[in-house]
Amino acid sequence: MAQHARARLLEVDAETIADLAEDLLRVAAGLAATAYVPEPRDLGSASAPGGRPRILLAEDDADEREAIAAGLEADYEVAVVGDGNQALASARLGVPDLVVLDLRLPGIDGLAVLDALRGDLHTAEVPVILLSGQADDATRVRALDLGAADFVQKPASLQELRARIDRTLRLTRRQTQLRALAQTDALTGLANLRAFRSRLDDEVRRARRYGTSLTCIMADMDHLKPVNDAFGHGAGDRAIAAVAEVLRSQLRATDLGARYGGDEFVLLLPHTSAGDGRILAERLCHRLASAELPVGDRKVSLRTSFGLAELGPVAGSDDGAELVRHADEALYAAKRSGRGRVEIHGQPSSA
């Protein structure tokens, strides 16, 4: 009885925290109306915006699988599989919003599937509800340690299962929104420095593992201080946001644009050589050189300098920091060479 009471208390606390988080989101919404939001795959969601959540159901009993799917299909897009290997393949092929996973599955069991999902970058954040007709305390603890969102004892009514699915999706959505806000620069809507550093480490590891190119571009506005002095910091903030919008308009879904600090930006381009990165930087530089921001009866220049570097061929202990440092050195070379230009680290000046 005491154990059940403690479990119920934890559940109540979780919902209370979720409600507080929702209040925080409403307050923060005005600060990040144009917030950077990671791609759906990064968030562990395969459903289209505004569409029905996608549920992956892994259950080996055909009758029970059919009954559960029929009970969920009115409100969810349901994909069904009959063993653990199929569950993993399906989740990786089209990342679902939630997985309902029977503990006893042929091929590999539910715990092994859960462990594999958590170990995959694309599915690590997907919530998993485990189903089991026979599970001891040690199994439940193991499931929670592996990151299961909930554990449902079979036989469970469809009403209970739907309630638990809805609750898990609601909590996950709030956590995702909070995470996006925590990774967003409120002024520009780009990623913030914390998000950039986290992504940088991931992309460096991926580039080293698969032998692919990775390029970093640093950008810095050339004449922001005179704008702040003449028109005030409000006008300066508008200029920073305008530059950010031009940068964002040219990025691919796989790229990352972040505000590095003040009027400085950083772009991370996976699968991109320095030569290809230069093409992008030159295009951005040209567009910003001719762009102007109306401020009262005056127009403010958005001219910006760019420096870029490609991840070196020899692995080191601090590759990410070195990549950014090299891009920053190239940026200052562009500043010294007359501003409003692009320089590549390790190559002669284009002057």
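Modeller: A residue is called buried under 20% relative accessible area, exposed over 50%, and partly exposed in between, with a 1.4 Å probe and protein chains only. This is a predicted model, in which local features need pLDDT of at least 70, side-chain atom pairs count only at pLDDT 80 or more, and totals for chains, interfaces and linings use all residues. Residues are numbered from 1 along each chain as its sequence is written, and side-chain values use heavy atoms, with hydrogens and water left out.

Colleague: Why is Asp 222 called buried?

Modeller: Asp 222 has 7% relative accessibility; buried means under 20%, so Asp 222 counts as buried.

Colleague: Where is Asp 222 found?

Modeller: Asp 222 sits in the loop between strand E6 (214-221) and helix H9 (224-231). Helices (H or I, at least four residues) and strands (E, at least two) are DSSP runs, numbered from the N terminus.

Colleague: What makes the pair of Asp 222 and Ser 305 a polar contact?

Modeller: Their side chains are 2.6 Å apart. A polar contact is a pair of N or O atoms within 3.5 Å; within protein, one must be able to donate a hydrogen and the other to accept it, and residues adjacent in sequence count only if both atoms are side-chain atoms. The Asp 222 side chain also reaches the backbone nitrogen of Gly 340, at 2.9 Å.

Colleague: Is Val 243 buried or exposed?

Modeller: Val 243, in helix H10 (residues 233-249), is at 1% relative accessibility and therefore counts as buried.
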